[in-house]
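Me: I have a structure open and want to go through it. Can you help me read it?

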Amino acid sequence: MLRIKRVPTVVSNYQKEEGEEAARRGGGCGRNCLNKCCIQGAKLPLYAYKRVNKVETEKGVPGHENRKPPVAFLDSLLLGEWEDRMQRGLFRYDVTACETKVIPGEYGFIAQLNEGRHLKKRPTEFRVDKVLQPFDGNKFNFTKVGQEEVLFQFEASEDGEVQFFPNAPVDVENSPSVVAINVSPIEYGHVLLIPRILDCLPQRIDRDSFLLALYMAVEAGNPYFRLGYNSLGAFATINHLHFQAYYLAVPFPIEKAPTKKIITSNGGVKISELLNYPVRGLVFEGGNSMQDLSNTVSDACICLQDSNIAYNVLISDCGKRIFLLPQCYAEKQALGEVSPELLDTQVNPAVWEISGHMVLKRKKDYEEASDENAWRLLAEVSLSEERFQEVNALIFEVIAGGDKINGGVIENSHGEADVNTKSAEDVDAITKAPALLWCLGLKSA
């Protein structure tokens, strides 16, 4: 097993003693955090979403058409509250002041100069060769953030209709899911979705957490608001289950890439392979129900993490398209197989960079950003074709086994390739506004 020697994170005795002293006083730790020392009796806004069966149609989600929600989820609630926190000075820097441009080229890679994130970023705390690691409460986790950083609770509605409560008690016993700001934002509206925060789940996808993330994409209802996930070993730095999300009003390059259909699951999920893109990956779409789509992707993710394969996920198009991207950049970096030129950029290719939003930390790299440089970096992230097919075979074995149990039939794509090409129009300006083959071990004829 590949191991990387790192200086262990030091947890001071003072922090431990402070927590014990606060517990004895019964007054919390003094930080108004989300941990048990402060959360009792707390109240936070609660957005209760409606469970639906299908992510479909251009009009939106069935059941949502003729109903006006009590609050506009994206514009009024999420972005409105995010801007409130910006006005209150809770962010480490003003991300809206960062220079951003679209790089000329076929896909229009997006480059951002974010020097503030480089100077103030928390160091990675975990080894990069082990995707599944136990939660460690002594290390930083999201129960330690202040309640003022939380925008709202995000839960399923109990009566089947969308509801909003501006001042709802926190149900500690049932561990709420929350949306909080990222104090080192990459873009406008950058937030964290933290499923069942008080359960202190490690960074690993399960069926329930992934379905929650899909519901957030559905509620946002805007294709420019996307969610992403990084596994450990794929540049997640906090081992506490979370998704990221933000708003950027321009198509991502990965969304423009053509795809080739590989297979259709018995649940109606079409699984395709990315074509002519620097990172190999799979795209999931459709499904007889939202649950089918979610389960197919989450089962693929579980297969990868159980096999110790690092990966990233992009939830796109209001939850209708999901990209699953196994990667090996950190492994190559640990083995000394990444060129010094790329390492000098200090770019960590996580889900946003792989999707084509390049967050650059040096002005030199920003000024010299080019389509060629973006492809060169991302090519180092991708698995080789041979390894990619091996990984897909692992996933196919897992999902095909599930289909046999359920008595389903998987439709394989034969004959001419079913190729879907997305528009790759050049984008001149960015407007700021308030995913497996069940396998691919089988190749189509």
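Me: Is Tyr-49 buried or exposed?

Reply: This is a predicted model. In it, Tyr-49 has a relative accessible area of 7%. The cut-off for buried is under 20%, so Tyr-49 is buried.

Me: And Tyr-215, buried or exposed?

Reply: Tyr-215 counts as buried, at 5% relative accessibility.

Me: How many aromatic pairs does the structure hold?

Reply: It holds 20 aromatic pairs. Tyr-49 and Tyr-215 make up one of them. Their ring centres are 4.5 Å apart, with the planes at 25 degrees.

Me: Why is that pair called stacked?

Reply: Planes under 30 degrees apart count as stacked. The planes of Tyr-49 and Tyr-215 are at 25 degrees, so this pair is stacked.

Me: Where in the chain do Tyr-49 and Tyr-215 sit?

Reply: Tyr-49 is in strand S1, residues 43-49. Tyr-215 is in helix H5.

Me: Which residues form one aromatic cluster with them?

Reply: The cluster has Tyr-47, Tyr-49, Phe-73, Phe-152, Phe-154 and Tyr-215.

Me: How do the axes of the two helices cross?

Reply: At roughly 120 degrees. The axes of H3 (residues 73-87) and H5 (residues 207-220) come within 9 Å.

Me: Back to rings. What about Phe-235 and Tyr-329?

Reply: They form a tilted aromatic pair. The centres are 6.1 Å apart, with 50 degrees between the planes. Phe-235 lies in the loop between strands S8 and S9, and Tyr-329 in helix H8. The pair therefore ties together parts that are 94 residues apart in sequence. Tyr-329 counts as buried, at 1% relative accessibility.

Me: New topic, charges. Which ring does the charged end of Arg-226 sit over?

Reply: The ring of Phe-252, 3.9 Å from its centre. Likewise, the charged end of Lys-101 sits over the ring of Tyr-366, 4.5 Å from its centre.

Me: What pLDDT does the protein average?

Reply: The average is 82, and 79% of the residues score at least 70.

Me: Where does pLDDT stay under 50?

Reply: Over residues 1-26, with 18 contacts beyond four places in sequence. Also over residues 423-445, with 79 such contacts. Where pLDDT is low, the predicted coordinates should not be read in detail.

How values were computed
Residues numbered from 1 in each chain as written. Predicted model: local features only at pLDDT ≥ 70, side-chain atom pairs only at ≥ 80, totals over all residues. Heavy atoms only, no water. Axes fitted to C-alpha atoms, helices over the stretch in contact; angles between N-to-C directions. Helix = DSSP H or I, 4+ residues; strand = E, 2+ residues; numbered from the N terminus. Phe/Tyr/Trp six-rings, centres within 6.5 Å; stacked < 30°, edge-to-face > 60°. Buried < 20%, exposed > 50% of the residue type's maximum accessible area, 1.4 Å probe, protein only. Lys NZ or Arg CZ within 6 Å of the ring centre and 35° of its normal. pLDDT = per-residue confidence, 0-100. Contact = heavy atoms within 4.5 Å.
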